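Please read them with the structure open.

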Amino acid sequence: MKSIFENTQIAFASKSDAELKKSFVLFKLISSPVLTKVGSAFIQFLIKVGLPINFLVRKTMFDHFCVGTNLEETEITVKKLRANEMDSCLNFSIEGINSEVGFDATLNEILRTMDASSPDAGTPFAVFKPTGYGATALFEKVSAKLPLSTEENKAWGRVKERFHTSCKKAVQRNLKLLIDAEESWIQPALDLLLEEMMATYNQKEVVVYATLQLYLSERLPYLKTLIEKSKKEGYQIGVKLVRGAYIEKETARALDRKLSNPVCPSKEATDQNFDNGLQLLLENLDQAAVFVGSHNELSTLKAMEQMKQNGIASNHPRVCFAHLFGMSDNISYNLSDHGYNVVKYLPYGPVKKVIPYLIRRAEENSSIASQTSREMELLRSEIKRRKQVQK
Ligand SMILES: Cc1cc2nc3c(=O)[nH]c(=O)nc-3n(C[C@H](O)[C@H](O)[C@H](O)COP(=O)(O)OP(=O)(O)OC[C@H]3O[C@@H](n4cnc5c(N)ncnc54)[C@H](O)[C@@H]3O)c2cc1C
């Protein structure tokens, strides 16, 4: 049986013929791990020697995976998605900040993003990365329960304050706030912080969403504990469910330090963990809201089937499917066409500053070969379909 995700006419309705061809060429290029490696190194070299790279990056990766260099430029895409009944989450995609001035600047930009977002305008979610608000080394130290110096204690206080300021802004703007997950060695500190945020701001509605990476074996038991704990303590939980983006880093660190690998032993085990987590959340919608961050068609179909079986409306306000801009339009547009809540993550930021994000996208697409070949297969099939219609 054909899955709903194969309807390329719906999936690419908003793309012109030229845009389809451009996307095809881009996916073809990044499907090659060698080209991706060489291309990334070349761009980094050009930046280092101070050569202008904006035009080159904008015309290739940037235009496909990002929606603008500043907030104002994101509007066109938000409106386009809104016209297709989809919501957007503006994502200020700068990574690798490492100073108090930089953390405050990130907080200010996130607050600006939140001021520019509203449920009525099709931007009901906001997001930030924890290491945009504090040093990775500090999160790591708190996670390892190591004693903090007076200075570090003050810095940790400022991290907490930035989290609270963002949550308060979300409440004030009637937004939902997603907090990304990063490496497992900073996760214990984040768990503590997020439980504090959820207990404070999710009393009546779900405002704050923690991200759980289900490639980590211990996240499913943690989810069960979190559901029980929040029930007992009388608050609601928001969960952005993802598989996890740092598998190489996690595995390398475990090997290097002779620790056991926190990542599930196989892709199948991760898939099982993810589907079980999703099922658990769908069974607990009175207690939890779920934001499904995945481009996996099978997991999405399973979730749809379970929703149907459990009598959960496709547009249930506590279930959202989310995909990154430039990826899996076949899932986004077709889900939305069938009445499900869909959110697109819309990365934006100055060209040079979003390069680490773009490199991660290229690496992900070249390492998850099945995903890239799926994108190419769908684009090819839509190009062919349009040619036949024109005959
Ligand atoms: C809206 C959205 C938000 C996201 N936010 C975050 C975030 O905050 N933090 C974060 O870490 N990631 C985030 N991601 C990325 C996500 O974690 C995945 O890396 C990415 O989506 C690919 O997984 P998938 O479910 O889409 O698809 P799939 O292609 O089915 O899964 C690929 C994933 O499976 C896992 N995997 C692959 N091989 C193995 C193996 N051998 N053993 C065990 N597991 C394996 C890895 O997690 C890999 O990324 C987000 C993704 C989306 C769509």
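Helices here are DSSP runs of H or I with at least four residues, and they are numbered from the N terminus. The model is a predicted one.

1. Eight strands close into a barrel, in the order 1-2-3-4-5-6-7-8, and their pairing is parallel. On average, neighbouring strands of this sheet are turned by 25° against each other, with direction ignored. As background, the strands of a sheet pair through backbone hydrogen bonds, in either a parallel or an antiparallel sense.

2. Strands 2, 3 and 4. Strand 2 (residues 125-128) runs parallel to strand 3 (residues 176-179), and four bridges join them. In this pair, Phe128 stands opposite Ile179 of strand 3. Strand 3 in turn pairs with strand 4, also in the parallel sense, over three bridges. Leu178 has Tyr209 of strand 4 as its bridge partner.

3. Strand 5. Strand 4 and strand 5 run parallel and are joined by five bridges. Ala210 is the residue opposite Val239 of strand 5. How many residues of strand 5 are buried? Six of its six are, and the strand is described as mostly covered. The cover is on both faces: Ile237, Val239 and Leu241 are buried on one side, and Gly238, Lys240 and Val242 are buried on the other. Note that Lys240 is in this buried list.

4. Strands 6 and 7. Strand 6 (residues 288-293) and strand 7 (residues 319-324) run parallel, with four bridges between them. Phe291 faces Cys320 of strand 7 across this pairing.

5. Helix 10, its length and its end. Helix 10 covers residues 219-233, which makes 15 residues. From first C-alpha to last it reaches 20 Å, close to the 21 Å expected at 1.5 Å a residue. Gly234 follows the helix, and its phi is positive, near 75°.

6. Helix 10, its buried face. Which residues of helix 10 are buried? They are Arg219, Leu220, Tyr222, Leu223, Leu226, Ile227 and Ser230. Seen down the axis of helix 10, these residues fall within an arc of 150°, so they line one face of the helix. What they pack against is helix 9 (187-201), strand 4 (208-213), strand 5 (237-242) and helix 12 (267-282).

7. Helix 10 against helix 12. Two packed helices are described by the angle between their axes and the distance between the axes. Here the axes of helix 10 and helix 12 come within 10 Å and cross at roughly 10°. Angles under 35 degrees count as roughly parallel, and helix 10 and helix 12 are therefore roughly parallel to each other. The residues that meet are Leu220, Leu223, Lys224 and Ile227 from helix 10, and Asn273, Asn276, Gly277, Leu280 and Leu281 from helix 12.

8. Gln187. This residue is in helix 9. Is Gln187 buried or exposed? Its relative accessibility is 4%, and it therefore counts as buried, the cut-off being under 20%. With neighbours within four places in sequence left aside, Gln187 is in contact with Ser143, Ala181, Glu182, Thr211, Gln213 and Arg219.

9. Val263. Where is Val263? It is in the loop between helix 11 and helix 12. Val263 counts as buried, at 8% relative accessibility. Its contacts, leaving aside neighbours within four places in sequence, are Tyr215, Leu216, Ser217, Ile247 and Glu250. The C-alpha atoms of Val263 and Gly244 are separated by 9.2 Å, and the two residues are 19 residues apart along the chain.

10. Two positive phi values outside glycine. Lys258 has a phi near 55°, a positive value in a residue other than glycine. It lies in the loop between helix 11 (247-256) and helix 12, and at 75% relative accessibility Lys258 counts as exposed. Ser328 also has a positive phi, of about 50°, although it is not a glycine. Its place is in the loop between strand 7 and helix 14 (329-337). Ser328 is buried, with a relative accessible area of 4%.

Note on methods
Residues are numbered from 1 along each chain as its sequence is written. This is a predicted model: local features need pLDDT of at least 70, side-chain atom pairs count only at pLDDT 80 or more; totals for chains, interfaces and linings use all residues. Side-chain values use heavy atoms; hydrogens and water are left out. The expected span of a helix is 1.5 Å times one less than its number of residues. Buried means under 20% relative accessible area, exposed over 50%, partly exposed in between (1.4 Å probe, protein chains only). The arc is that of the directions from the helix axis to the C-beta atoms. Contact means heavy atoms within 4.5 Å. Two strands pair if DSSP finds at least two bridges between them. Axes are lines fitted to C-alpha atoms, for helices over the stretch in contact, and angles run from 0 to 180 degrees between N-to-C directions. Angles under 35 degrees count as roughly parallel, over 145 as roughly antiparallel, 65 to 115 as roughly perpendicular and the rest as oblique.
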